[in-house]
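Welcome, and thank you for opening the viewer. Please have your selection tool ready, and we will walk through the model one stop at a time.

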Amino acid sequence: MTFRKLCTALLAGAFALAAAAPAAAQEFPKGPVKIIIPFPPGGPTDTVGRQLAQKLQETWGQPVLIEYKPGAGTAIGADYVAKSAPDGLTIGMVNSSLAVNPTLRKKLPYDTLKDLSGVTQLFNMQLAMVARADAPFNTLPELIAYAKKNPGKLNYGTPGAGSTTHLGAELLKREAGFEMQHVGMKGSAPAHTELLGGRLDVVVDPFLSILPFVQAGKMKIIATLGDKRVAGHNYPTVAETVPGFNVGALLGFVAPAGTPKPVLQKIQADTAKALASPDIQARAQEYGLQVVASKPEQFDALIASEMKRWGRVVTEAKIEQE
């Protein structure tokens with residue numbers, strides 16, 4: 001084969017591949033899609049995950065199935081996605097633990113930035129600090145004063161060591177200048193049980209998880225951790241006491257690295273349409289979730305920046321996996 005013919009053949013092959021990628025995205029998906037949720041079934045994340053799965057199933061005309069891979073601070077679920085075929089048929093739901101684990105867990109079985117590709121940030125989740133209804137403090141300034149008057153007495157629970165709730169509370173302690181002892185639980189439900197049973201003084205958890213208890217009068221919100229009050233709810237923020245404080249948690253979709261970009265873009269676009277539906281918008285406001293629907297490259301950049309941010313907090317606060 002002459003050099004000219006070789007170049008022509010190579011160019012033809014490149015054009016064929018370029019044309020095939022958009023075609024593959026248009027035909028996606030050709031079979032069932034799995035959404036991997038790294039938490040046990042039944043929680044608020046499961047609720048919104050199932051809503052999105054139903055919407056995507058209607059759009060794609062293919063089954064969209066939920067599979068649960070809980071454990072190791074979401075690392076088991078993320079690892080399953082990282083080792084799946086890069087064809088878009090396996091999508092992982094992730095939260096801020098994805099950005100915390102590289103510093104917190106020294107022996108992750110995957111490389112967050114090399115083995116996973118961002119698809120979209122679904123929501124920004126508000127976090128809240130709550131106490132029992134009969135706690136001797138009602139506001140953050142009162143809690144800080146109580147902690148200072150009773151050194152070593154106050155404790156707080158979170159769904160687990162290294163979670164954004166844990167890191168957010170540690171950041172608050174440092175910036176507001178008070179102390180309380182962390183007690184890491186294995187999930188939100190045990191933390192709620194311990195709080196209501198009087199063995200915890202405070203719990204820091206996603207707003208959507210504690211809202212039913214607050215509405216039932218069993219817990220009271222001391223403050224939310226974002227810089228703005230939760231839409232549709234009039235609870236004070238930490239920033240109203242500690243200016244500039246702003247901690248939230250992300251919830252998003254990732255896919256195995258190597259998934260074709262047009263496929264990632266199609267999943268993101270179809271997910272954005274689902275997120276824009278009135279019923280999901282209503283559920284998001286009810287749960288204190290801010291819909292984001294970012295592009296794949298935007299989510300990749302956010303994951304990288306969050307890894308640096310929380311990595312510093314983990315290192316400076318000397319937080320270790322419990």
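## A first stop in a loop

Start by selecting Pro 29, which lies in the loop between α1 (3-27) and β1 (33-37). Keep in mind on the way that this is a predicted model.

## Two alanines with positive phi

Next, go to Ala 72, in the loop between β2 (64-68) and α3 (75-82). Its phi is near 55°, a positive value in a residue other than glycine. Ala 72 is partly exposed, as its relative accessible area is 36%.

## The five-stranded sheet

Now colour the strands β7, β6, β8, β5 and β9. In that order, β7-β6-β8-β5-β9, the five strands form an open sheet with mixed pairing. Which strands stand at the edges? They are β7 (181-184) and β9 (219-224); each has a single partner strand, so one side of each is left without a neighbour in the sheet. From one strand to the next, the twist averages 30°.

Zoom in on β5 (residues 127-132) and β9: these strands run antiparallel and are joined by five bridges. Within the pair, look for Ala 128, which stands opposite Thr 224 in β9.

Two helices pack on this sheet. Select α6 (residues 140-149), which touches β5, β8 (202-206) and β9; the direction of α6 makes about 95° with that of β9. Then select α7 (residues 164-176), which touches β5, β6 (155-158), β7 and β8. The direction of α7 makes about 150° with that of β6.

## Where two helices cross

For the last stop, show α4 (residues 97-104) and α12 (residues 296-316). The axes of α4 and α12 come within 8 Å and cross at roughly 50°, so the two helices are oblique to each other. The crossing of α4 past α12 is right-handed.

Show side chains to see the contact: α4 brings Leu 98, Ala 99, Val 100, Pro 102, Thr 103 and Leu 104, while α12 brings Ile 303, Glu 306, Met 307, Trp 310, Gly 311, Val 314 and Thr 315. How many of the residues in this contact of α4 with α12 are nonpolar, polar and charged? There are nine nonpolar, three polar and one charged.

Terms used: Residues are numbered from 1 along each chain as its sequence is written. This is a predicted model: local features need pLDDT of at least 70, side-chain atom pairs count only at pLDDT 80 or more; totals for chains, interfaces and linings use all residues. Side-chain values use heavy atoms; hydrogens and water are left out. Axes are lines fitted to C-alpha atoms, for helices over the stretch in contact, and angles run from 0 to 180 degrees between N-to-C directions. Helices (H or I, at least four residues) and strands (E, at least two) are DSSP runs, numbered from the N terminus. Angles under 35 degrees count as roughly parallel, over 145 as roughly antiparallel, 65 to 115 as roughly perpendicular and the rest as oblique. A crossing is left-handed if the near helix is turned anticlockwise from the far one by less than a right angle, and right-handed if clockwise. Contact means heavy atoms within 4.5 Å. Ala, Val, Leu, Ile, Met, Phe, Trp, Tyr, Cys and Pro count as nonpolar, Asp, Glu, Lys and Arg as charged, and the others, Gly among them, as polar. Two strands pair if DSSP finds at least two bridges between them. Buried means under 20% relative accessible area, exposed over 50%, partly exposed in between (1.4 Å probe, protein chains only).
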